[in-house]
Amino acid sequence: MRPSQEIEAAFAERVRFRARRQAQYLALRDRPCVTKDGQKVELMINAGLAIDLPHVDDTGSAGIGLFRTELQFMVGQSLPRTSDQLALYRTVLDAAGSKPVTFRTLDIGGDKALPYMEAVIEENPALGWRAIRLGLDRPGLLRGQIRALLRAGGGRALRVMFPMISEVAEFDAAKALVERELTYLRQHGHTLPERIDIGTMVEVPALLYQLDELLKKVDFISVGSNDLFQFLFAVDRGNAKVSERFDTMSAPILRVLREIARKSNAAKKSLSLCGEMASKPIGALALIAMGYRSLSLSATALGPVKAMVIDLDAKKAEAMLGPLLDAPAGSISIRQKLTEFAEAEGLAL
Ligand code: PEP
Ligand code: MG
């Protein structure tokens, strides 16, 4: 059956609308990402495969804030060889040129099962043997990946980030693997990276109570809001029946995010947020109001978020949001207030 004329027309309009919007965002591509009151905001993209790489330039992004290395492992029929990993990482760094790339080490296991690896049956895979836990228990895989990253970064700057760290000792152990591989490569005459920054995702709530210790050790942190919210609210991020039950623009979440920003800014450690929240203009608005100056988002979201940032008065947003977070939780709708602020300020959300 052919779709009705109305439906065809609606789709045609949608395509025109999107083309017009895209053209608008293209015009923003080369504009500096600075708020109306002069605050620089770094917008990066999330990526994971070679096909994502043209987006770095197409969007005018500041770099890749999250490169999900597990995607190469998930699309293949067998475990990628170290040489395949090295080739991909080199391609990524070449495509980014002088822009920074943050490589996240493998976040596999649990619900991100690999078809060619023996399945581990777990009752709660999201809470299970995954990411850095698997990496530290079976260090062969992680060491091979780290070696590939260090070789790809030879002669240039490299940023490595660990997923699902839940205590400082795990970060220490993971960092020790990097040191060990560096020693190996040095002994074997390889060109080492000119600079290595090592950081971690903040996505397990236990880390929120170790920020003081953690911030002394890391070069940077990046909030993984997808997992952090799922664990904070005990809500399965992939289950539509429950994932809409809580509002991301509510006091408990925003207070946590504000605390992370306060602590990392006080410790002068670079901070970013790379979960879905940054891809929504209202989320980006709240984050900037709380002191976030670096966000990593999906490529299609970069234009709309940048358009909002350029029109935003960050100081005014901060003055608006602060008292809302200090008001008794549940007494007001923060989402509603943010929406009203955006309307009054002429921001497109
Ligand atoms: C997150 O948890 O917010 C995140 C960015 O990582 P992923 O979505 O890959 O779990
Ligand atoms: Mg995550």
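By class, the lining of the largest pocket in this predicted model comprises six nonpolar, six polar and five charged residues. Here Ala, Val, Leu, Ile, Met, Phe, Trp, Tyr, Cys and Pro count as nonpolar, Asp, Glu, Lys and Arg as charged, and the others, Gly among them, as polar. A pocket is an open set of points on a 1 Å grid over the protein atoms alone, where a 1.4 Å probe fits, with protein on both sides within 12 Å along at least five of seven lines; lining residues have an atom within 4 Å of a point. The lining has 17 residues, with Phe229, Phe246, Thr248, Glu276 and Lys280 nearest the pocket centre. Helices H9 (225–232) and H12 (281–289) each give two or more residues to this lining, and H9 gives the most, with four.

In total, 14 residues surround the ligand, the closest being Arg68, Arg104, Gly224, Asn226 and Arg237 (a heavy atom within 4 Å). By class, the shell has three nonpolar, four polar and seven charged residues. A polar side-chain atom of Arg68 sits 2.8 Å from a ligand oxygen atom, while a backbone N or O atom of Asn226 also lies 2.8 Å from an oxygen atom of ligand 1.

Residues are numbered from 1 along each chain as its sequence is written, and chains are lettered from A and ligands numbered from 1 in the order in which they are written. Local features need pLDDT of at least 70, side-chain atom pairs count only at pLDDT 80 or more, and totals for chains, interfaces and linings use all residues, while side-chain values use heavy atoms, with hydrogens and water left out.

Key: Polar contact = N/O pair within 3.5 Å; in protein donor to acceptor, adjacent residues only side chain to side chain.
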